[in-house]
Amino acid sequence: MFNFLKREKKPNPDASRLLASILVVYPAVQSVTYDSKDDILELSFALNGKFSKNDFEKFLKYIAESIEALHHLEGLDGATIELNVEGIYGTCFLHVRRNMSTLTCRELSLLTELAENYFGENLIEDVDDEIPDEEFLMAQEDYLEQCLSNMRQMRIEGKLVGVREQEKVVVYAR
């Protein structure tokens, strides 16, 4: 009837650190999901306002051109990116799905900056009143790049989700 000895799924520590670091470094990202089945990382942004389908299509084109230019400069091939939107009026969520094999920290920075520039005040960010110093952010970005590299070298099973919960970041296995 009850299985008290059943073990809970525990997230891989390297993958957990990656998801947590993304949420720490990029306050515009509300949640991040890693799906090992498709080797996809999904970033979710929360938006508040009224948007049309055309707004999101323009944003996708804006992202695609920018990422393509970045990849051309860095000599990368094989990037796939998908955009999905939940809701159009009020609060909606923009999900950006990206394959992990060529994802870089620079690209994550570019994606979040593009979202901030395009949606402006409509982008919901978890901004802390206390601004972290530049050295802390640089160290976090270096750590994030290391986590991305580790993820490409190992096989991680399952699905992990990282979310903001008040002033904390929580990562769990699904």
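**A leucine in a loop**

Guide: Gladly! Leucine Leu103 touches Leu41, Arg98, Leu108, Leu148 and Arg152, not counting residues up to four places away in sequence. Please keep in mind that this is a predicted model.

Visitor: Is Leu103 buried or exposed?

Guide: Leu103 lies in the loop between β4 (91-99) and α3. Its relative accessible area is 1%, and the cut-off for burial is under 20%. Leu103 is therefore buried.

Visitor: How many Å apart in space are Leu103 and Ser149, C-alpha to C-alpha?

Guide: In sequence, 46 residues separate Leu103 from Ser149. In space, the C-alpha to C-alpha distance of this pair is 9.3 Å.

**The strands**

Visitor: How many residues of strand β1 are buried?

Guide: Strand β1 covers residues 29-35 and is largely enclosed by the rest of the structure. It pairs in the antiparallel sense with β2 (residues 40-48) over 6 bridges, and also in the antiparallel sense with β6 (residues 159-165) over 5 bridges. The buried count for β1 is 7 of the 7 residues.

Visitor: Which residue in the turn of the β1 and β2 hairpin has a positive phi?

Guide: The hairpin has 4 residues between its two strands. Within the pairing, Thr33 has Glu42 in β2 as its bridge partner. In the turn, the residue with a positive phi, about 55°, is Asp39.

Visitor: Which residue in β6 stands opposite Val32?

Guide: Here we turn to the antiparallel pairing of β1 with β6. Opposite Val32 in that strand stands Gly162.

Visitor: Are α2 and α3 roughly parallel or antiparallel?

Guide: Helix α2 (residues 53-74) and helix α3 (residues 105-119) pack at about 150°, with axes 10 Å apart. Angles over 145 degrees count as roughly antiparallel, so α2 is, relative to α3, roughly antiparallel.

Visitor: How many nonpolar residues does the contact of α2 with α3 have?

Guide: On the α2 side, the contact includes Phe56, Phe59 and Ile63, and on the α3 side Leu110, Leu111 and Leu114. The contact also has 3 polar and 5 charged residues. Its nonpolar residues number 12.

Visitor: Is the crossing of α1 and α4 left-handed or right-handed?

Guide: The axes of α1 (residues 13-25) and α4 (residues 134-153) come within 9 Å and cross at roughly 145°. Among the residues making the contact are Leu18 and Ile22 of α1, and Leu144 and Leu148 of α4. While α2 and α3 cross in the right-handed sense, the crossing of α1 and α4 is left-handed.

Technical notes
Residues numbered from 1 in each chain as written. Predicted model: local features only at pLDDT ≥ 70, side-chain atom pairs only at ≥ 80, totals over all residues. Heavy atoms only, no water. Axes fitted to C-alpha atoms, helices over the stretch in contact; angles between N-to-C directions. Parallel < 35°, antiparallel > 145°, perpendicular 65-115°, else oblique. Left-handed = near helix turned anticlockwise from the far one by under 90°. Contact = heavy atoms within 4.5 Å. Nonpolar A, V, L, I, M, F, W, Y, C, P; charged D, E, K, R; others polar. Buried < 20%, exposed > 50% of the residue type's maximum accessible area, 1.4 Å probe, protein only. Pairing = 2+ DSSP bridges.
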